[in-house]
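Here are a few notes from going through the model, for whenever you have it open.

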Amino acid sequence: MIIDTQNLDSKRPPQRQQSNAQSVYSPQSARSPQFAHPYAVASTSGTGSALYRQADSYSGEDEPSSPRGYAVPTQPLLAQPPPPNYQTALVSPVVTLPQDSFYRDWEEAHVKRAVERRFFRAFTIGLVIWVLFVILGKLLTDVTINISNGSPNYPSEGTTLQCHKGSNSTAQWRSTLAPLPSGNSAFPKYRSELNMTIPLDRPGYFMLTAGQLTYGQIIIEQIEPPKKKDPESNEIEVSIEARYYEKEAFHKLNICELQGDGESRGLGVYTPSYYLGNPPAQNQIELRILYRVPSRYIEDVSIPSFHINAPHFHIIGLELPSVHFGTFIGETASATIAFQRLRASDLALKTTNGIIYADILEATDHVEIATTNAEVEIKDLRLEGGSIWKAPTAAISSTNNRVSVGATLGPTKSTGKSSNAFGLNVNTSNGPAILAIKRAPVPALLNIEVTTSNANAQVAMYPSFEGSMHLRGRRTSVDVEGFLYDWTGKGRSQYAGRRDPNAPIDDGEWVGQLGWQNYEAEIPRNYGSLEIRTVNGNAAVTVPCVFGINPDCEFYPRPAV
């Protein structure tokens, strides 16, 4: 049946308002976005508008003459839901931009730029404040220099007797032009000299430095003995040589003669201090301070005390054959301490980041040698004497380097159970620790401790030692070499044994004793101790002083003929 579409709209019943899935079909509803063709939905807004205009222009009045007529059922045609595969086409033709992501990225970039601005603003303010503090500190430093240059800190550094200023060089200093090697513009250009004398009859002497413009050497030597026709000197000669590149730096130098407690005499070297950095190299002053101690015809020269506290100055002691110090203390920093021979009752040598070396050190009471990050080598440390109540002791220490000590022990004044007693302590880290007891009285009570880490610890013991031994390390060894002569003449033999023979052998620890067999009650016996500890290294003890083989055993008694 052919239906005339002209009167189709008039015959259609009124539409009911229903949901999208059940709405009545109409040409207007067919043109709605909900039923738009997928390609029309995906098209731009301009194309979609053209399609809608074309649909509006297409009406039912043209349908009789058009071949596109179609049959329509008599009952109202209800809209059916689209197939599942067309569900994606039922969307709005307006493309929605990801506004949330856009605004989020914009906000993050804006916040990041704001944080960077605040950081650079704070950094700039801090930099300006730091520059202002530097300028203010320089001004305050100059004020401090003007106040302290020429005035020691009284009374801790003594009373000022006389000062020799570099600015008054014409009256007190003898200045000359130093030889300048070719091609070395940093070599000191000028040289000035100052000589003075200090009475020898004072109860003590001291020398100190303050400031950052000086460095150099402090040398102690003894004058050759005078001839019999010449009078003996009662003064210590002091000569000071200054080398510098700029005269302005030398004008800031001030050397003062001081008097301390008990009429002790001292020497102070003063230069400005820079609290905000080190001064330029051309403002440095190199000093060579020489102490010349007189000699006597027969007796030794006795100096009750001598204390040196001079950072960045090497302390050097030349041959002092007939000089004996009651107390000698040498302290420095970032410099070396070296002595050919030094004799004192109490002896202390201390530095940091500097080597300590000595051929012969003699002491009767106590020896303290300490440094850091540098080597310590004492070829012959001679301990003897002591007192009735106290045995001689020695402590040698360093860090991150090697410590090597050879000790010669002599008779002591102590009696009874503490007769010939000594205490020795050698300590370092990250370097070998070596102690050799070259000679010792017989019998001798020795308490020895040697410790290190990440290196070997080794002790060469004299045969007169008797006592307990405790070794701990990665591996341990105890070695008694050859035939040892019994100093008592009883024909005993020396042995080394563990405390518990039935205990399991542990290479990392050895606990036992070293002594003489066939012990008799009438023979005096001093029982000491030996402890050797290391980490990540070997611990070893040997008894190498075999009579007739090692020349260092000459002090050991020979067998009776």
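**Notes on the predicted model**

1. Lining the largest cavity you'll find I198, Y205, F206, I236, R265, G266, L267, Y291 and F306. Two elements, β4 (205-210) and β8 (265-270), each give two or more residues to that lining, and β8 gives the most, with three. Bear in mind that this is a predicted model.

2. The space in the largest cavity comes to about 40 Å³, and the structure holds one cavity of 30 Å³ or more. By class, its lining has seven nonpolar residues, one polar and one charged.

3. Y291 turns up again in the largest nonpolar core, which has 84 residues. Along with I240, I289, F328, I437 and M461, Y291 touches the most other members. There is also a second, separate core of six residues, including L208, C256, L258 and Y270.

4. On to charges: the structure holds 16 salt bridges. One of them pairs R343 with D300 at 3.3 Å, N to O. R343 sits in strand β13 (residues 337-350) and D300 in the loop between β9 (285-293) and β10 (301-309), 43 residues apart. R343 counts as buried because its relative accessibility is 16%, whereas D300, at 37%, is partly exposed.

5. R341 meets E362 in a salt bridge too, at 2.7 Å, N to O.

Note on methods: Residues are numbered from 1 along each chain as its sequence is written. This is a predicted model: local features need pLDDT of at least 70, side-chain atom pairs count only at pLDDT 80 or more; totals for chains, interfaces and linings use all residues. Side-chain values use heavy atoms; hydrogens and water are left out. On a 1 Å grid over the protein atoms alone, a cavity is a set of points where a 1.4 Å probe fits but cannot get out, and a pocket is an open set with protein on both sides within 12 Å along at least five of seven lines; lining residues have an atom within 4 Å of a point. Grid points are joined across faces, edges and corners, and a volume is the space filled by probe spheres set on the points. Helices (H or I, at least four residues) and strands (E, at least two) are DSSP runs, numbered from the N terminus. Ala, Val, Leu, Ile, Met, Phe, Trp, Tyr, Cys and Pro count as nonpolar, Asp, Glu, Lys and Arg as charged, and the others, Gly among them, as polar. A nonpolar core is a set of buried Ala, Val, Leu, Ile, Met, Phe, Trp, Tyr and Cys residues joined through side-chain atoms within 4.5 Å. Buried means under 20% relative accessible area, exposed over 50%, partly exposed in between (1.4 Å probe, protein chains only). A salt bridge is a side-chain nitrogen of Lys or Arg within 4 Å of a carboxyl oxygen of Asp or Glu.
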